[in-house]
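Reader: I'd like a close look at one loop in this model, and then at whatever you can tell me about the rest of the fold and the ligand site. Could you walk me through it in plain terms?

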Amino acid sequence: MANIILLGPPAAGKGTQAKRLVDSRGMVQLSTGDMLREAKTSGTEMGKRVAAVMDRGELVTDEIVIGLIEEKLEQGAAGGFIFDGFPRTLKQADALADLLAKKGLGLDAVIELVVDDAALVGRVAKRAEEARAAGQPVRKDDTPEVLEERLRAYYKNTAALVGYYWAKKDLRQIDGMADMDTVSAAIANILDKA
Ligand code: AMP
């Protein structure tokens, strides 16, 4: 049982790797992006409130995402939690530490997918193209303009978490530009030692 954070800019591959861990290890993926998109689609009050912020590629408030995570932590996860796209600010990181501590849990590793920004633009274009080809809805924030804003939000608010977790000796950095199987193997290697 391990609780991990997948850290990295948008389109670094966090969601793909999280889904693989769900299948291979029975871990539970907690993606605040997925939860917010679900709230948006189902038209809840909160969903309506965050829709415009998300479409612009900005961050929703800490209170909202911390509340979402708190709710999910209540349900427990025998195989461990994968935090995907959370935390994204120092306040969220502190809140997560508190929430886990209250449950007698901790973090086993924070895995940073290190990627090349220029390549992310190509990845996002590909993700949108693949969704279109499969007849699936294309994420509204998967456009070059919004990606730029999402990257800005990452460097302004989230990149500081690399130093934060390094100082806590939780940080593990892996090459997110490698092919998916190589990235999965690198994550498996960390989990097997956790
Ligand atoms: P993602 O699917 O992780 O790329 O998230 C999509 C969008 O949801 C982000 O661009 C933000 O607007 C919002 N979001 C997701 N997670 C968070 C978070 N932890 N803090 C603030 N905003 C978030």
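Author: V138 sits in the loop that links helix 6 (117-133) to helix 7. Helices here are DSSP runs of H or I with at least four residues, strands are runs of E with at least two, and both are numbered from the N terminus. This is a predicted model, so to speak: local features need pLDDT of at least 70, side-chain atom pairs count only at pLDDT 80 or more, and totals for chains, interfaces and linings use all residues. Residues are numbered from 1 along each chain as its sequence is written, and side-chain values use heavy atoms, with hydrogens and water left out.

Leaving aside residues up to four places away in sequence, V138 touches A128, A131 and R132, where a contact means heavy atoms within 4.5 Å. With A128, 10 residues away along the chain, the C-alpha separation is 5.5 Å.

Helix 8 spans residues 160-167, and L161, V162, Y164 and Y165 are buried in it. Looking down the axis of helix 8, those buried residues fall within an arc of 165 degrees, so they line one face; the arc is taken from the directions between the helix axis and the C-beta atoms. W166 and A167, on the other side of helix 8, are exposed. After helix 8 comes K169, with a positive phi near 65 degrees.

Now for the strands. Strand 1 is covered on both faces, with I4 and L6 buried on one side and I5 and L7 buried on the other. Strand 1 runs parallel to strand 3, joined by 3 bridges, and L6 has D84 as its bridge partner there. Strand 1 also pairs with strand 4 in the parallel sense over 4 bridges, where L7 partners E112. Pairing needs at least two bridges found by DSSP between two strands. Strand 3 (residues 81-84) is likewise covered on both faces: F81 and F83 are buried on one side, I82 and D84 on the other.

Finally, the ligand. There are 16 residues around the ligand, and T32, R37, E58, R88 and Q92 come nearest; "around" takes a heavy atom within 4 Å. Helix 2 (residues 32-41) gives the largest share of that shell, 4 residues. For polar contacts, think N or O pairs within 3.5 Å; within protein, one atom must be able to donate a hydrogen and the other to accept it, and residues adjacent in sequence count only if both atoms are side-chain atoms. A polar side-chain atom of T32 is 2.8 Å from a ligand nitrogen, and an N or O atom in the R88 side chain is 3.0 Å from a nitrogen of the ligand. At E58, a polar backbone atom lies 2.5 Å from a ligand oxygen. The protein covers 96% of the 480 Å² of accessible area that the ligand has on its own, by the Shrake-Rupley method with a 1.4 Å probe; for residues, only the protein chains shown count as cover.

Definitions and conventions: Buried < 20%, exposed > 50% of the residue type's maximum accessible area, 1.4 Å probe, protein only.
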